Amino acid sequence: MEATERTEATGGPEEIEVPAPTAWPLTMAFGATLLGAGLVTAGEVSLLGAVLLVAGAVGWFRVVLPVERSVRIPIEPEGQPRIEPRPPTTHPRIAEREHRARLPVEIFPVSAGIKGGIAGGVVMALTAAIYGVISHHGVWYPINILVAGFYRPELRATTEELSAFDGWALLFGTLIHGVTSLLVGTLYGMLLPMFSRRPVLAGGLVAPLAWSALLYPTIGMINPVLARRIDWGWFLVSQIGFGLAAGVVVSRSLRIHTRQSEPFAERIGLETGRRP
Amino acid sequence: MNQAAVVAGEAGWELPSRNRVGMVCFIVAESAMFVIFVVAYLFYLGKSPYGPTPEQALSLPVANTICLLSSSGTIAWAVRALRRGRLATFAVAWGATAALGALFLAGTGREWARLVHHERLTPATNLFGTTYYSLVGLHAFHVTVGLVLLTTVLMLTLFGKLHRRYTEHVEVLALYWHFVDCVWIVVFSVVYVIGR
Amino acid sequence: MTGEAAVTTREVEARFWQRLHEWIVTVDHKRLGVMYVLYALLFLLIGGSEALLIRLQLVAPHNTLLAPQTFNRLFTLHGTTMVFFVGMPLIFGFANYLVPLMIGARDMAFPRLNAFSFWMSAFAGLLLYFSFLGAEGLYGAGSAPDVGWFAYAPLTSRAFSRGHSTDYWILSIFLSGVGSIGTAVNIITTVLSRRCPGMTLGKLPLLCWFYVVDSVLVLVGVPPLAAAQLMLLADRFLGAHFFDTQAGGSAVLWQHFFWIFGHPEVYILMIPGWAFASEIIPVFSRKAIFGYPVLVGAVIAIGFVSLSVWAHHMFAVGMSMTANTFFMVATLLVGIPTGIKIFNWIGTMWGGKIRLATPMLFCIAFIGQFLIAGLTGIMLAAVPFNWQLTDSTFVVAHFHFMLVGSLLFTVFAAFYYWFPKVTGRMLDEKLGKLHFWLFLVGFHLTFTVMHIPGLLGMPRRIYTYEPGRGWETLNLVITIGAFFQAAGVACFLVNLVRSLHKGKLAGPDPWDAWTLEWSTSSPPPEYNFAVVPTVRSRRPLWDLKHPEDPDWVYE
């Protein structure tokens, strides 16, 4: 901003007009306050306030009209600081060539999340079945417990009843398990690009551990009867099984570029190649 | 090159007038305040445990309403005259506006005097008195403020101080006056039509 | 020698009076902004001392430090002061200083109205505290107001609140409301009609956008309070019956009117905090803000929704189930745009080169605390939960997480960020970090812990409590935390005073920032910009610093 460019409509090359200082607004505010304060003190105070209010208003009016009063301020000799171009080292290179990139630059398609969810769900069901067999409760035991978590009368059932085959429980359990697996799988698909360095570690170990750590006290508080039936070691194993399977499937799938980082005009097809 | 990007191209840069924006904001705030008083009026309608009731006390202020609403017309006429530089027409129309406003206030004063002396209705009488005087009074206060401003402009006109370059100031004042009129339409419908 | 010394003393004195006069009659937005902020800091000290007294009284069961009446006055004044005479002047002070500079203007749209608004708020605050001296009234009853900051009817009627203390409360809040409306009008008008060439609404700095929404909320939120105060005044002076239940008036109507103001007010206070965060986080992450249009949309959405949630403060009053459900759903809706904003800030930091300077530290703490405040807010928005915990210290903890943990933290961030612009000198980083850690620890000792006695059933606004209810240790910890916070604030004040003279020289642009206020010298001259700038993007200084890679290509 060179000195030669200091030609403004409001002032000459060396001076700039700014509004003149005035005490009338202060007078008016004080008058208004006294006007109110008179209510709680004495009538005379209100009277004084009214006088000041009117005086302030009139004074103010005369400052603004017929012409707004202003003063001329000389421009400081050093003028406005000059902004120098600087090397582009101050900003992060978060993606190839792009410091403006919207992270994540690449995402997994929704289908990857769904596939991951299916894979995870299958592995989890298998783990649960193995647990059922090893714990001698039978292969139907885990799914009956899952349904019991949602349907209270089941909770009063004995272990024998829970070990037996139950068509409705199988239907509902599969439904609950399927929907949850798909949702969590999709969530994996969305979250894993954020942990792009070690997706399988994050998805396969950290997430299941965090989830189990959250559920352990929560179920203990909300539904202690159910909590007593859960074998937390195996619970953790099945969670990790899900996480690993979903994580591997998701992170193996093909990533696609988001176009978020491109200029808006380019994204809607108005312009191409405006970038230098 | 870069500095040029910051200096060039001021032509065609137009922004809304500050007086008009300021007045619109002020009107928004005023409307919010009136809404609360109107709500209070409607909420307490018919809840007074004892009379007088609106049906007993109020009559339609037809003349008053005609005065105030036609003043909106005269002020629009005045503003148009000023825009075309016809100061004499402006003075007449503006004076008519002020006179109509004064008539309205006088009418309200007469109505209040009747209510106080004949109907024995004060703000302390019952809920109807409380809400009626506060709502109509708040509006009358706004008319009074407007009237003071109108009179000031009228004086300036008569002393030859008004110039065409103040058209915008006058327009903004007219905006306020229109607002006061609109509020009267609401007050009229709520107090005298719905509430009676 | 002595004669000369006398002359110089007189000269110094004369210069002092001249400068004082200059400040008092000024209409310059920067000076008014500074005055707003100083005035708010003064009241912050007063309101903070009241809080310390309250905490000292509650430190142990059956404490007799304060009389119950004094306790009532203290919490009333603490609330009123913090909302109307600390929060509002602080946000308006920053708006006054920053908005014209950020949009490349030379002053506010209405400079004299600006001065008027400031003095209205200032005198209103004095009037409130004058009640300590002047409110004795005829009955020798009460000095300062003691009806709580929301002053529920019918406690405020003549019969229950004798003398003039409540009148002082009404008048001072009414007058400060006039000032607030004036400033709101001014801010909106300034942004709409004083932008420098090229600054379309889509290129407006986020802070200005947020302040416009904020001012609109002031315009529709504060007048209802003024109206309600006028009604209350009529009740007390003219014998009117608005809130007089014996003549058919309704006490619940006051609650509605108060919260029609009161809830938008929470957002009026909070939006500038988001504005500061939205300016500071990008600069200290070295990345442009993530999702500018979405942020603007979110804050506008919050502005709209906040107008229809007021009755969630009144779930316990016995409204109809329809009303309860409506206000619960509306309140829960606020969570959506709020969540969006949090994601925007995190998205800005994600992958950035984060500099952990003091302003950024405060902002990071803000994000976490704001999240918690929002979560407890959602809990309280659920009607049954609210019935259980209403008027407990859980509620107090919730809104202090908002007003202290979110607003005050961002305000501190703003102080550290913009102090160099205002004074030309940096605030000391070491003291700043000490301030941050003391305040952070104190804040969590006080307000995180305060949730628990609320869950255990401790009501708010009680002046003492019985031992043996499991509240003693918790209250002790809370009080200790309050003193940690006081120590933090003391660090801050020392830092302000010391850095004013001894701070490192800042230069025009110490943070390598991107908005227009950093393009002029620090402190800016009275006319702000020798040449009115023209902008082409949301980060005009970026364009100047990196001509080979300008922003406007991407917007």
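Reader: How is the handedness of a helix crossing read, and in which sense does helix 7 of chain C pass helix 9 of chain C?

Author: A crossing is left-handed if the near helix is turned anticlockwise from the far one by less than a right angle, and right-handed if clockwise. Helices (H or I, at least four residues) and strands (E, at least two) are DSSP runs, numbered from the N terminus. Helix 7 of chain C passes helix 9 of chain C in a left-handed crossing. This is a predicted model, in which local features need pLDDT of at least 70 and side-chain atom pairs count only at pLDDT 80 or more, while totals for chains, interfaces and linings use all residues. Residues are numbered from 1 along each chain as its sequence is written, and chains are lettered from A and ligands numbered from 1 in the order in which they are written.

Reader: At what angle do helix 7 and helix 9 of chain C pack?

Author: Axes are lines fitted to C-alpha atoms, for helices over the stretch in contact, and angles run from 0 to 180 degrees between N-to-C directions. Angles under 35 degrees count as roughly parallel, over 145 as roughly antiparallel, 65 to 115 as roughly perpendicular and the rest as oblique. For helix 7 (residues 251-285) and helix 9 (residues 321-349) of chain C the angle is about 20°, and the axes are 8 Å apart. The two helices of chain C are therefore roughly parallel.

Reader: Which residues make that contact?

Author: Two residues are in contact if their C-beta atoms, placed from the backbone, lie within 7 Å. Helix 7 of chain C contributes C:Trp274, C:Ala277, C:Ile281, C:Pro282 and C:Ser285, and helix 9 of chain C contributes C:Lys341, C:Trp345, C:Thr348 and C:Met349. For classes, Ala, Val, Leu, Ile, Met, Phe, Trp, Tyr, Cys and Pro count as nonpolar, Asp, Glu, Lys and Arg as charged, and the others, Gly among them, as polar. This contact between helix 7 and helix 9 of chain C has 6 nonpolar, 2 polar and 1 charged residues.

Reader: How do helix 3 and helix 6 of chain A pack?

Author: Helix 3 (residues 110-134) and helix 6 (residues 167-191) of chain A meet at about 130°, with axes 7 Å apart. Helix 3 of chain A is therefore oblique to helix 6 of chain A, and the crossing is right-handed. Residues meeting there include A:Gly113, A:Gly117 and A:Gly121 of helix 3 and A:Gly178, A:Gly185 and A:Gly189 of helix 6. By class, this contact in chain A has 9 nonpolar, 11 polar and no charged residues.

Reader: How is chain A organised along its sequence?

Author: Its 10 helices and 4 strands follow the pattern β-α-α-β-β-α-α-α-α-α-α-α-β-α. An automatic or database domain assignment supplies the domain bounds: domain 1 (14-74) and domain 2 (106-257) of chain A. Taken over C-alpha atoms, the centres of these two domains are 72 Å apart.

Reader: Is B:Val180 buried or exposed?

Author: A residue is buried if 20 or more other C-beta atoms, placed from the backbone, lie within 10 Å of its own, exposed if 12 or fewer, and partly exposed in between. B:Val180 is buried, because 23 other C-beta atoms lie within 10 Å. B:Val180 sits in helix 7 (residues 167-194) of chain B.

Reader: How many residues of chain C are in contact with chain A?

Author: 52 residues of chain C are in contact with 46 residues of chain A. On the chain C side, helix 4 gives the largest share, 10 residues.
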